[in-house]
Amino acid sequence: MNVEQRYRRLYKPLVFLASLAPLAWLLCGAFGWFGAGLGADPVKKLEHEFGKTALNFLLLTLLVTPVRNLAGLPHLLRLRRMLGLFAFFYVVLHFTVYLVLDLELNFGTLFADIAKRPYITIGFAGLLLLIPLAVTSTNRMMRRLGRRWQKLHRLIYVIAALGVWHFYWQVKRDVREPLIYVGIVAVLLGYRWVRARAKATSSSGSATVPERT
Amino acid sequence: MTFRTPRIAPSEITPPEVFFNRRTLLAGALAAGASSLLPAAETAPSGAKLQYTRNAQYSVSEAPNKYEEITGYNNYYEFGTDKEDPKANSGSFRPTPWSVAVGGEAGVKGTFTLEDILKPHPLEERIYRFRCVEAWSMVIPWVGFPLSALIERFKPTAKAKYVEFTTLYDPHRMPGQRERVLAWPYVEGLRMDEAMHPLALMVVGLYGQTLPNQDGAPLRLIVPWKYGFKSIKAIVKINFTEKQPNTTWNLSAPQEYGFYANVNPQVDHPRWSQATERHIGAAFLAARRPTLPFNGYAEQVAGLYKGMDLRRYY
Ligand code: HEM
């Protein structure tokens with residue numbers, strides 16, 4: 001197998017299965033399989049776990065480029081779309097748990113929360129911004145949008161920032177964990193910023209063509 | 001006195017006879033060392049059995065939450081900030097020996113052993129609603145005695161306008177205190193008339209047995225019409241003061257947690273609504289319920305706050 005084949009036949013399926021593991025584990029908890037459980041408040045547990053998993057996938061997606069550059073693994077890019085789509089998948093589950101299990105489909109409260117509670121407003125903005133990215137994640141859209149595709153997908157930086165901000169704001173008191181996430185996002189975005197500056201100062205400014213992933 | 005508890009499905013209410021028979025049965029089975037015969041035995045309390053009478057007058061008719069819900073899901077930052085932490089991290093805590101220092105504007109002051117504190121007070125069981133400021137709720141069978149009866153023994157002076165309680169500070173025994181997530185030790189307080197209200201309960205037991213560590217052993221307060229954080233745990237100090245005490249959550253975020261902290265569906269927390277709550281242990285998609293003014297105890301306590309702007313004094 002050459003590298004292309006290894007990614008297609010091995011790494012991608014493996015990453016796909018691993019990405020489903022958090023969902024599988026929570027399902028085990030919901031049904032009490034393998035001694036797993038969701039504790040005294042299963043709804044909050046699901047809501048929090050899906051939220052955290054969504055954020056983790058956002059960060060993994062952002063990690064691809066730095067690792068690819070620093071470790072010299074150009075093909076890693078082939079995994080990025082899947083990670084990004086899993087981030088979207090878990091945000092949607094997070095939102096669904098909130099709306100269906102937590103609010104019990106009370107749309108009045110949903111709209112009131114979106115309007116009045118800054119942390120929900122921010123989370124909701126993150127969800128909305130992820131939609132165009134998911135929709136334009138196909139190869140066809142990538143080709144069609146060309147240079148604009150890359151510009152559009154820079155929204156992921158904004159979404160990651162909104163995600164950690166949302167996390168930070170919903171915590172009652174103990175902000176240690178969200179602060180760790182803030183730190184990680186700062187490093188991941190800082191890396192882009194430093195690279196962009198280095199590129200800008202080192203003349204050319206030759207735009208990179210979006211790569212097929 | 002009866003408590004109106006709307007929107008509770010009849011199927012959810014365990015008649016007290018059934019509930020108590022099951023409990024008595026369980027206790028008997030445990031005593032006989034036959035706990036494994038009963039499937040529910042794993043949920044049985046593990047403390048020492050208490051002598052008490054049941055106070056139906058002060059009990060709600062809703063079914064109490066399961067023992068493992070009450071003891072496995074709560075806030076007690078002294079043992080960690082996750083709701084599973086108190087149970088996980090309090091196992092080795094020893095609430096003995098225990099003493100309580102009484103001071104301030106009182107005629108009787110000094111340090112009392114827990115036995116001194118408890119001796120004169122007959123214990124009673126009261127099934128109270130419990131509402132956390134985080135918008136979840138439970139129904140809990142506490143065992144204790146009226147706070148007013150304890151306070152009377154210390155003969156507070158005319159200057160005593162408030163009573164302040166302090167939790168044990170001992171980072172070796174309470175690992176959560178090694179992190180400065182709150183300004184330790186935890187302090188709570190009540191206005192004197194609130195403290196003397198018959199619903200304010202000093203609690204030593206749960207489900208008929210001594211309090212488990214994670215629920216505030218050996219001595220805690222329960223003020224059922226206020227958000228849970230007012231109901232301070234593991235009390236080592238009672239102080240009578242002229243000025244309103246500086247309470248821990250109020251100090252940590254004054255715009256979010258007031259001194260009064262009365263359950264009030266009309267005054268939202270700045271970051272979430274208090275209009276409804278989710279009842280722990282309720283059926284799937286039937287957990288969200290309207291929050292009641294003063295947590296359903298308005299008839300008894302609303303008079304304490306007559307003329308007060310409850311939006312301002314939240
Ligand atoms: C980019 C999108 C989002 C991300 C990355 C995200 C992530 C998170 C994270 C990490 C948490 C904390 C979990 C924990 O404490 O373990 C959380 C909590 C929460 N999120 Fe989101 N979220 C997003 C969007 C949303 C949306 C759209 C809503 C609803 C409109 C929402 C509602 C909530 C709620 C209600 C909580 C729990 C707050 C509580 O416990 O009271 N989130 N989210």
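A polar contact is a pair of N or O atoms within 3.5 Å; within protein, one must be able to donate a hydrogen and the other to accept it, and residues adjacent in sequence count only if both atoms are side-chain atoms. With that in hand, look at H94(A): a polar side-chain atom there lies 2.7 Å from a nitrogen atom of the ligand. You're looking at a predicted model, where local features need pLDDT of at least 70 and side-chain atom pairs count only at pLDDT 80 or more, while totals for chains, interfaces and linings use all residues. Residues are numbered from 1 along each chain as its sequence is written, chains are lettered from A and ligands numbered from 1 in the order in which they are written, and side-chain values use heavy atoms, with hydrogens and water left out.

**Around the ligand**

- H48(A) has a side-chain N or O atom 2.6 Å from an oxygen atom of the ligand, and for K44(A) the value is 3.2 Å, again to a ligand oxygen.
- Helix 2 (42–71), helix 3 (80–102), helix 5 (118–135) and helix 8 (155–170) of chain A each give two or more residues to the shell around the ligand. Helices (H or I, at least four residues) and strands (E, at least two) are DSSP runs, numbered from the N terminus.
- The ligand is surrounded by 20 residues, with H48(A), K52(A), H94(A), H166(A) and Q170(A) the closest; to be near, a residue needs a heavy atom within 4 Å.
- That shell splits into nine nonpolar, eight polar and three charged residues. Here Ala, Val, Leu, Ile, Met, Phe, Trp, Tyr, Cys and Pro count as nonpolar, Asp, Glu, Lys and Arg as charged, and the others, Gly among them, as polar.

**Where the chains meet**

- 19 residues of chain A touch 27 residues of chain B, where contact means heavy atoms within 4.5 Å.
- The two chains bury about 2000 Å² between them, 48% of it on carbon and sulfur atoms. Buried area is the accessible area (1.4 Å probe) that two parts lose on being put together, summed over both.
- On the chain A side, E104(A), K172(A) and R173(A) lose the most area to chain B, together 35% of what that side buries.

**The sheet in chain B**

- Chain B has an open sheet of five strands in the order 3-2-11-6-7, with mixed pairing; two strands pair if DSSP finds at least two bridges between them.
- Strand 3 (110–113) and strand 7 (187–191) of chain B sit at the edges with a single partner strand each, so one side of each has no neighbour in the sheet.
- Strand 2 (residues 99–104) and strand 11 (residues 235–241) of chain B run parallel, joined by four bridges.
- Strand 2 of chain B also has four bridges to strand 3 of chain B, this time antiparallel, and a hairpin links the two through five residues.
- A101(B) has a bridge partner on each of these strands: T111(B) in strand 3 and K237(B) in strand 11.
- G103(B) stands opposite N239(B) in strand 11 of chain B.

- Most residues other than glycine have a negative phi, and most peptide bonds are trans.
- The bond from T96(B) to P97(B) is cis, with omega near -15°, and P97(B) is in the loop between helix 3 (85–89) and strand 2 of chain B.
- Another cis peptide bond runs from A217(B) to P218(B), with omega near 0°.
- F34(A), in the loop between helix 1 (3–31) and helix 2 of chain A, has a positive phi, near 50°.
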